[in-house]
Amino acid sequence: MIHLDGFPGSFNGTTLAPGPGGCCSTEDQMVYLPDTSFVPTAGLKSANLSTNGLWHYPATITDPTTSTAFLNFAPNTEYPSTTVAGVIQNFGGREQMVFFLDGGSWALTTNYLGHVWFHWGYRGLYNGFRRVAMHQQSSSFDFFR
(Lines give C-alpha, C1' and ligand atoms only; values in the text may rest on other atoms or scores of the structure.)
Protein backbone atom coordinates (compact mmCIF):
# COMPACT_ATOMS: atom_id res chain seq x y z
CA MET A 1 0.00 0.00 0.00
CA ILE A 2 1.18 3.51 -0.74
CA HIS A 3 0.05 6.55 1.25
CA LEU A 4 0.50 9.95 -0.35
CA ASP A 5 0.27 13.15 1.72
CA GLY A 6 0.42 11.26 5.02
CA PHE A 7 0.68 12.89 8.43
CA PRO A 8 3.53 11.46 10.56
CA GLY A 9 1.57 10.95 13.80
CA SER A 10 -1.06 8.90 11.96
CA PHE A 11 1.34 6.04 11.19
CA ASN A 12 2.81 3.77 13.88
CA GLY A 13 6.54 4.25 14.28
CA THR A 14 6.60 7.90 13.18
CA THR A 15 5.96 11.28 14.74
CA LEU A 16 6.06 14.91 13.69
CA ALA A 17 9.57 16.36 14.01
CA PRO A 18 10.03 19.07 16.66
CA GLY A 19 9.52 22.43 15.03
CA PRO A 20 6.75 24.70 13.77
CA GLY A 21 4.51 21.82 12.56
CA GLY A 22 4.10 21.77 8.80
CA CYS A 23 6.71 23.35 6.61
CA CYS A 24 7.77 25.83 5.38
CA SER A 25 6.44 29.33 5.57
CA THR A 26 9.58 31.29 4.78
CA GLU A 27 11.86 29.13 2.64
CA ASP A 28 12.21 26.03 0.49
CA GLN A 29 13.17 22.73 2.08
CA MET A 30 14.87 20.28 -0.26
CA VAL A 31 13.86 16.62 -0.39
CA TYR A 32 16.10 13.78 -1.59
CA LEU A 33 16.49 10.00 -1.76
CA PRO A 34 19.54 9.05 0.32
CA ASP A 35 19.74 5.68 -1.49
CA THR A 36 18.00 4.64 -4.72
CA SER A 37 18.79 0.91 -4.49
CA PHE A 38 15.32 0.06 -3.10
CA VAL A 39 13.87 0.81 -6.58
CA PRO A 40 16.54 -0.70 -8.88
CA THR A 41 14.29 -0.76 -11.97
CA ALA A 42 13.52 2.97 -11.79
CA GLY A 43 16.94 4.10 -13.03
CA LEU A 44 17.01 7.04 -10.62
CA LYS A 45 19.84 9.21 -9.40
CA SER A 46 19.59 11.00 -6.09
CA ALA A 47 19.11 14.75 -6.41
CA ASN A 48 17.93 17.61 -4.24
CA LEU A 49 14.35 18.42 -5.20
CA SER A 50 12.41 21.54 -4.31
CA THR A 51 9.36 21.45 -2.07
CA ASN A 52 8.41 25.01 -3.00
CA GLY A 53 4.60 25.14 -3.01
CA LEU A 54 4.23 21.57 -1.67
CA TRP A 55 2.94 21.31 1.89
CA HIS A 56 4.95 18.78 3.85
CA TYR A 57 5.44 17.41 7.34
CA PRO A 58 9.01 16.71 8.51
CA ALA A 59 9.00 13.56 10.63
CA THR A 60 11.15 11.42 12.88
CA ILE A 61 11.11 7.66 13.27
CA THR A 62 10.10 6.39 16.72
CA ASP A 63 10.18 2.65 15.92
CA PRO A 64 13.11 1.65 13.67
CA THR A 65 12.03 -2.02 13.79
CA THR A 66 8.99 -1.27 11.62
CA SER A 67 9.85 1.98 9.82
CA THR A 68 12.79 2.76 7.53
CA ALA A 69 13.37 6.17 5.97
CA PHE A 70 13.69 6.15 2.18
CA LEU A 71 13.19 9.90 1.62
CA ASN A 72 14.66 12.80 3.65
CA PHE A 73 14.16 16.52 4.03
CA ALA A 74 17.35 18.58 4.06
CA PRO A 75 17.94 21.00 6.95
CA ASN A 76 16.80 24.62 6.74
CA THR A 77 16.30 27.44 9.27
CA GLU A 78 12.99 26.02 10.58
CA TYR A 79 14.35 22.44 10.87
CA PRO A 80 18.11 22.60 11.56
CA SER A 81 18.73 18.85 11.11
CA THR A 82 17.77 16.27 8.50
CA THR A 83 14.21 14.97 8.93
CA VAL A 84 12.24 12.13 7.37
CA ALA A 85 10.07 12.77 4.30
CA GLY A 86 8.96 9.19 3.65
CA VAL A 87 9.13 5.73 5.20
CA ILE A 88 8.72 2.14 4.18
CA GLN A 89 7.02 0.21 6.96
CA ASN A 90 6.92 -3.54 7.46
CA PHE A 91 4.38 -5.04 9.84
CA GLY A 92 4.88 -8.80 9.85
CA GLY A 93 5.47 -9.01 6.10
CA ARG A 94 2.87 -6.39 5.11
CA GLU A 95 4.68 -3.44 3.61
CA GLN A 96 3.54 0.09 3.03
CA MET A 97 5.18 3.26 1.72
CA VAL A 98 4.26 6.61 3.26
CA PHE A 99 5.08 10.07 1.87
CA PHE A 100 4.89 13.01 4.27
CA LEU A 101 4.32 15.59 1.54
CA ASP A 102 1.62 16.41 -0.97
CA GLY A 103 2.04 16.90 -4.68
CA GLY A 104 0.83 18.84 -7.65
CA SER A 105 0.78 18.19 -11.40
CA TRP A 106 2.89 21.32 -11.92
CA ALA A 107 5.79 20.21 -9.70
CA LEU A 108 8.81 18.33 -11.09
CA THR A 109 9.32 16.91 -7.60
CA THR A 110 5.91 15.25 -7.83
CA ASN A 111 6.80 13.64 -11.17
CA TYR A 112 10.07 12.30 -9.76
CA LEU A 113 8.42 10.93 -6.60
CA GLY A 114 5.57 9.47 -8.66
CA HIS A 115 8.20 7.47 -10.51
CA VAL A 116 9.56 6.25 -7.14
CA TRP A 117 6.24 5.03 -5.70
CA PHE A 118 5.13 3.49 -8.98
CA HIS A 119 8.29 1.39 -9.32
CA TRP A 120 8.25 0.41 -5.64
CA GLY A 121 4.53 -0.41 -5.57
CA TYR A 122 4.59 -2.50 -8.74
CA ARG A 123 8.02 -3.95 -7.92
CA GLY A 124 9.39 -2.81 -11.28
CA LEU A 125 6.72 -4.64 -13.28
CA TYR A 126 4.68 -2.56 -15.69
CA ASN A 127 2.74 -2.84 -18.93
CA GLY A 128 4.87 -2.09 -21.92
CA PHE A 129 7.96 -3.75 -23.28
CA ARG A 130 7.73 -6.72 -20.90
CA ARG A 131 4.01 -7.19 -21.59
CA VAL A 132 3.20 -8.01 -17.99
CA ALA A 133 -0.24 -7.19 -16.65
CA MET A 134 -0.24 -6.33 -12.95
CA HIS A 135 -3.63 -5.26 -11.69
CA GLN A 136 -3.08 -3.82 -8.24
CA GLN A 137 -5.20 -1.25 -6.57
CA SER A 138 -3.49 2.12 -6.89
CA SER A 139 -4.76 5.55 -6.07
CA SER A 140 -3.28 8.69 -7.53
CA PHE A 141 -4.69 10.88 -4.71
CA ASP A 142 -2.81 14.20 -4.50
CA PHE A 143 0.10 13.43 -6.78
CA PHE A 144 -1.85 13.74 -10.03
CA ARG A 145 -4.60 16.27 -9.49
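The largest nonpolar core of the predicted model comprises 22 residues. Within this core, the residues with the most contacts are Phe70, Leu71, Met97, Phe99 and Val116. Two or more residues are given to the core by each of four elements, namely strand E5 (67-73), strand E6 (83-91), strand E7 (94-99) and helix H1 (108-121). Helix H1 provides the largest share, with 5 residues.

With a relative accessible area of 1%, Thr110 is classed as buried, because the value falls under the 20% cut-off. Thr110 and Leu54 stand 56 residues apart along the chain, and a distance of 9.0 Å separates their C-alpha atoms.

Backbone geometry was also examined. Most residues other than glycine have a negative phi. Asp5, although not a glycine, has a positive phi of about 60°. Asp5 is located in the loop that lies between strand E1 (2-3) and strand E2 (14-16). The relative accessibility of Asp5 is 26%, and Asp5 therefore counts as partly exposed, since this category covers values between the 20% limit for buried residues and the 50% limit for exposed ones.

How values were computed: Residues are numbered from 1 along each chain as its sequence is written. This is a predicted model: local features need pLDDT of at least 70, side-chain atom pairs count only at pLDDT 80 or more; totals for chains, interfaces and linings use all residues. Side-chain values use heavy atoms; hydrogens and water are left out. A nonpolar core is a set of buried Ala, Val, Leu, Ile, Met, Phe, Trp, Tyr and Cys residues joined through side-chain atoms within 4.5 Å. Buried means under 20% relative accessible area, exposed over 50%, partly exposed in between (1.4 Å probe, protein chains only).
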